[in-house]
Amino acid sequence: MTKARRKITAEERRARLGARHLLSPAARARTPEAVAEALLGLHATDPASVYLGVAARLKDPSVADLERALYEDHTLVRMLCMRRTMFVVPRELAPVVDASTARAVAARERRNLAKVIQEQLGFDERWFAATEGAVLAALERRGEATAAQLADDVPDLKSQIVQSEGKPYEARPRITSRFLGVMAAESRIRRGRPLGTWASSQYRWIPAEPHPDLPLDEAKAELAARYLAAFGPATTEDVKWWTGWTLTDTRKALARTEAVEVDLDSGPGHALPAHLDPPAEPEPWAALLPALDPTPKGWPPRVL
């Protein structure tokens with residue numbers, strides 16, 4: 001006789017968020033690193049969201065403490081990864097994120113830029129590699145540099161391409177930002193301190209240490225398990241959407257975790273064994289969260 005699957009309601013899932021996502025007063029963390037660990041990462045497309053999301057979960061919020069983690073201790077790493085979205089992730093998780101999602105994103109970014117500059121500027125892969133080397137050499141000399149400083153050191157970065165040719169919104173930007181963005185996606189350079197306030201999206205660039213090389217399947221399985229630990233129980237579609245993987249890759253990754261099948265209000269799902277017992281009744285809490293906060297952005301755009 002087939003054993004009935006555990007039914008986990010939306011109310012149970014929400015009840016876990018207060019403690020697991022550090023939103024209830026009793027669950028607040030003491031460090032930015034603990035916040036990023038609890039949430040797997042902080043959405044960083046809008047720089048202000050990183051600071052506001054951390055502040056909503058700390059006992060004693062401090063801009064200086066987050067800047068320490070990002071720019072001095074480097075215990076938090078800004079990466080282009082899941083769904084081609086910028087995240088701030090814990091340094092210990094960065095190799096898993098790199099192997100499971102970021103490398104594929106970086107490869108697409110490089111192919112797309114290489115195609116444009118080949119077609120419009122005649123720059124081939126040999127030029128691409130030589131220019132990367134020139135950027136790294138300039139950063140080695142300077143220690144850190146703005147995009148404008150690197151373009152002065154490597155003049156080819158000032159080359160312009162045409163976007164949306166013939167349209168009212170045609171633009172002719174320099175390749176500087178896109179080229180440095182590809183290098184950052186490949187973890188060859190990283191964003192340092194912003195040029196302005198903590199809400200600025202203009203950064204200095206610094207050299208980056210390469211991530212350890214992890215097996216792809218193992219990295220995907222670990223990221224899937226970490227997602228379920230932070231956001232589960234969840235459906236296959238939830239995991240697929242959050243990671244940006246194909247359905248096949250998502251199913252393979254989930255099969256390599258310890259997750260068991262459960263029934264959710266939204267359909268069949270997956271839960272780690274530790275999440276099968278009903279959660280404790282949460283204390284009353286409310287949270288003022290910024291745009292792109294990881295808690296509401298942890299699932300596809302629908303009711304949890």
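This is a predicted model: local features need pLDDT of at least 70, side-chain atom pairs count only at pLDDT 80 or more; totals for chains, interfaces and linings use all residues.

Biologist: How many cavities of 30 Å³ or more does the structure hold?

Modeller: One. The largest cavity has a volume of about 50 Å³.

Biologist: Which residues line the largest cavity?

Modeller: Leu70, Tyr71, His74, Leu76, Val77, Arg78, Arg190 and Arg191. Elements giving two or more residues to that lining are α4 (63–72), β3 (76–80) and β5 (189–194).

Biologist: Which element gives the most?

Modeller: β3, with three residues.

Biologist: And how do the lining residues divide into nonpolar, polar and charged?

Modeller: Four are nonpolar, one is polar and three are charged.

Biologist: Switching topic. How many salt bridges does a search of the whole structure find?

Modeller: 26. One of them pairs Arg193 with Glu67, with the closest N and O atoms 4.0 Å apart. Arg193 is in strand β5 and Glu67 in helix α4, 126 residues apart.

Biologist: What about Glu132, buried or exposed?

Modeller: Buried, at 3% relative accessible area. Glu132 forms a salt bridge with Arg110 at 2.9 Å, N to O. Arg110 lies in helix α5 and Glu132 in helix α6, so the pair ties together parts 22 residues apart in sequence. Arg110 is buried too.

Biologist: Which residues do the shared partners join into one network?

Modeller: Arg110, Glu125, Glu132, Glu186 and Arg188.

How values were computed
Residues are numbered from 1 along each chain as its sequence is written. Side-chain values use heavy atoms; hydrogens and water are left out. On a 1 Å grid over the protein atoms alone, a cavity is a set of points where a 1.4 Å probe fits but cannot get out, and a pocket is an open set with protein on both sides within 12 Å along at least five of seven lines; lining residues have an atom within 4 Å of a point. Grid points are joined across faces, edges and corners, and a volume is the space filled by probe spheres set on the points. Helices (H or I, at least four residues) and strands (E, at least two) are DSSP runs, numbered from the N terminus. Ala, Val, Leu, Ile, Met, Phe, Trp, Tyr, Cys and Pro count as nonpolar, Asp, Glu, Lys and Arg as charged, and the others, Gly among them, as polar. A salt bridge is a side-chain nitrogen of Lys or Arg within 4 Å of a carboxyl oxygen of Asp or Glu. Buried means under 20% relative accessible area, exposed over 50%, partly exposed in between (1.4 Å probe, protein chains only).
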